[in-house]
Amino acid sequence: MTEIIIHPSNLLKGVSTINLSSLKKNKNWTPYLLIAPTVIYYIFFWLNPVIASIYSSFKGVDGSFTLQNYITVFTTTSFGEAFGNTAFIAGISIVIEFFFALALALLINKKFKGSAIFLFIAMIPMAIPAVGAAAIWKTGLTAHGWMNSLLYYLGFLAKGEKLLFLSGSKFSILWLVIIIDTWQVIPSMMIILLAGLQNLSKEAKEAGYIFGGNGLTVLRQITIPMLKPTIITAVILRLISAIQIWLIVVMLFGFDRIPLLLERVIYYKEELPRLDNSYQIASTYAVITSVIVTIAAVVYLKVSGAFDISKKEVM
Amino acid sequence: MWENTVSKFAKKTLFYILITSLIIIILTPLYFLVSLSFLSSREAYQFPLPLVPAISSEFKLEKGDKGYMLSIYEKGDREYQTMIDTKDMEKMSTYMRLQLSVDVSTEKLENYISKLDQQNEVYFKSYKGLLHNYKTFFAITRDAVPALIRSLQVAGLTILISLSIGGMAGYAFARYIFIGKNALKVSVLFVRVFPAVAIAMPMVIILATIGFYDKPIGLSLVYSVGTIALTIWITASIFLGIPVELEEAAQIFGATKLRTFITITAPLALPGLAACAMYAFIGAWNETVSAIILTQFNPTFAVVVYQSVLGATDQVNLAAAGGILMALPMVLFTLFIRKYINQMWGGVTA
């Protein structure tokens, strides 16, 4: 999925650091007229389907209210697997992606000859649609694919020797998915962090050195805290989409091999439509996934102290 | 002094080694996808895969057991390898086109064969049709061209809907204080938390009741949910950057609010609005999941490529061509919007 990125300082600027004097404070119906289309749109095309989804997750085959769908989901073994796989992929990939991206951003943090070209190249992976990425890895990871060919040309594989990427153990497949994901995400995350670093004032850093800090303490006590809003934006967007991973996995391994939370939704909706309650089960998985994403996002924001930051800025 | 220069030089070298390896890691998978999309079916089955797709092939024709024997020069083994032995020139020509991506007419083949009366072997060289896989992709994937057009329609409509609706709200966020502003601000970001699939499933019925199911407008209505939120955030910060004084000045000179917006504010906001439009385009072009659910007989291009990649276990070169067709517009697009993205990130500069 293409990550869509806005610089956090701009993001906050839009609402919180408002120049109060320039605002029209008179009681005016204009703003309500301006936001009305958005509100109506969201009621009709967001709230409406969301409520419909929640409603059908509580609906039995005979149309009555029931908790049976949730009981069914929670008692099938594939739910535990789907949850575990999703948590494993999301958790590890976010940590790896964040630390790699941050390290690279700190190392690259300056203009250099060819930086414009480098940044363009780094933007390419995030522009590749999920379907395109799937084509890359599907052609690459089969036994006769380009990855084995490359390893052969580089001398890592003897003639006739092939690595069977796609038919490894579940554990190695999960790692493979993480590596694929990392290829696509690190460059884009690096660019966000790089942008954040460029916006930091140099004076604070210099002051840190003047007062006797070494590189590491300046990094830990000045650069990282100042970069915090950027980091939070980058990680939260990533967190939301990492938990919703499924397409690349299904395109490489098919349905049901590596169950994931969202993969289950599509699996019941598209692959198992004959069951009486497959639509309800799919909705149930969708609702559960949203709840998990929400909890993960709120917990992350709480732990990272994002709420404090926005409170401060609103003041 | 000398040591200083050396360490500076070493640092610089290390830095460029880092940059170069990053570029290599990013570009290698992309290179192979491109290269694979230019391979003939025969090349795509070789192992190891050729690093560079051949531009031309050298052939040898001689009399065989069943008729005439066609061999192709194998660069790796430095010898000719027999491909087909047949009397039927039509069959040989088709074989060359499908398996080797080489277009040689039957007349030409017969011409070569007539020379076999005087000599034992005839050698000839033919250029490969590099775009062969792309042509085949469109030829064998029913619906690829209409799907491409539909994808463009969906993207265009998404831009229209999200820019008009989101732009208005963004302006309100930047210029006015109103009740529920903060609640709206948070809820606008919250929409991304509910998976698109979960929205798409009930939307089948909702769209069907208003007659938009399986139509580009229906899909763009769903895609706009995410892009409106983004447009509000981006446009709010853009409009905030445009001084209110400019608008007030125009109004003092007698312009209406609408006229002020059209003649003063909108032109100033244009680069940002363009960026919003492009984000909307990217989102709509790339989206696959909702498109699978919300289309039946009129899939978008992403769905067509999804199906061909999913089913292309034995035709990797075709899958690669599909992947490139899907990715190329986006990469060109990124090249085009690079400037705007950089602006929004606060100038990582280009």
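The legends below describe close-up views of a predicted model. Residues are numbered from 1 along each chain as its sequence is written, with chains lettered from A and ligands numbered from 1 in the order in which they are written.

**View 1. Chain A and its helices.** The secondary structure of chain A comes to 14 helices and 0 strands. Helices here are DSSP runs of H or I with at least four residues, strands are runs of E with at least two, and both are numbered from the N terminus. Of the 315 residues in chain A, 54% are buried; buried means under 20% relative accessible area, exposed means over 50%, and partly exposed lies in between (1.4 Å probe, protein chains only). Among contacts in chain A between residues at least 6 apart in sequence, 71% join residues at least 24 apart, where contact means heavy atoms within 4.5 Å.

**View 2. Packing of helix 4 on helix 8 in chain A.** Helix 4 (residues 77-108) and helix 8 (residues 170-199) of chain A pack at an angle of about 40°, their axes 6 Å apart. The axes are lines fitted to C-alpha atoms, for helices over the stretch in contact, and angles run from 0 to 180 degrees between N-to-C directions. Helix 4 of chain A and helix 8 of chain A are therefore oblique to each other; angles under 35 degrees count as roughly parallel, over 145 as roughly antiparallel, 65 to 115 as roughly perpendicular and the rest as oblique. The crossing of helix 4 of chain A past helix 8 of chain A is right-handed, that is, the near helix is turned clockwise from the far one by less than a right angle. Residues of this contact divide into 24 nonpolar, 3 polar and 4 charged. Ala, Val, Leu, Ile, Met, Phe, Trp, Tyr, Cys and Pro count as nonpolar, Asp, Glu, Lys and Arg as charged, and the others, Gly among them, as polar.

View 3. A nonpolar core is a set of buried Ala, Val, Leu, Ile, Met, Phe, Trp, Tyr and Cys residues joined through side-chain atoms within 4.5 Å. The largest one has 187 residues, of which Ile108(A), Trp137(A), Met190(A), Trp246(A), Ile248(A) and Phe301(B) touch the most other members. Helix 8 of chain A supplies the largest share of this core, 15 residues. Beyond four places in sequence, Met190(A) is in contact with Ala101(A), Leu104(A), Ala105(A), Ile108(A), Phe118(A) and Ala122(A). Another core, of 18 residues, lies apart from the largest one and includes Met92(B), Val102(B), Ile113(B) and Leu116(B).

**View 4. Packing of helix 6 on helix 13 in chain B.** Helix 6 (residues 144-175) and helix 13 (residues 301-310) of chain B pack at an angle of about 135°, with axes 7 Å apart. That makes helix 6 of chain B oblique to helix 13 of chain B. From helix 6 of chain B, Ala144(B), Ala147(B), Leu148(B) and Ser151(B) meet Phe301(B), Ala302(B) and Val304(B) in helix 13 of chain B. The contact comprises 6 nonpolar residues, 1 polar and no charged.

View 5. Most residues other than glycine have a negative phi, and most peptide bonds are trans. The peptide bond from Phe47(B) to Pro48(B) is cis, with omega near -5°, and Pro48(B) lies in the loop between helix 2 (41-44) and strand 1 (56-63) of chain B. Asp256(A), in the loop between helix 11 (247-253) and helix 12 (261-271) of chain A, has a positive phi of about 75°. At 40% relative accessibility, Asp256(A) is partly exposed. Ser101(B) also has a positive phi, near 55°, and sits in the loop between helix 3 (89-100) and helix 4 (106-115) of chain B. Ser101(B) is buried, with a relative accessible area of 3%.

**View 6. Surroundings of Tyr68(B).** Tyr68(B) belongs to strand 2 (residues 68-74) of chain B and is partly exposed at 22% relative accessibility. Its contacts beyond four places in sequence include Leu61(B), Ile84(B), Met89(B), Met92(B), Ile113(B) and Leu116(B). Tyr68(B) and Lys91(B) are 23 residues apart in sequence and 11 Å apart in space, C-alpha to C-alpha.

Key: This is a predicted model: local features need pLDDT of at least 70, side-chain atom pairs count only at pLDDT 80 or more; totals for chains, interfaces and linings use all residues. Side-chain values use heavy atoms; hydrogens and water are left out.
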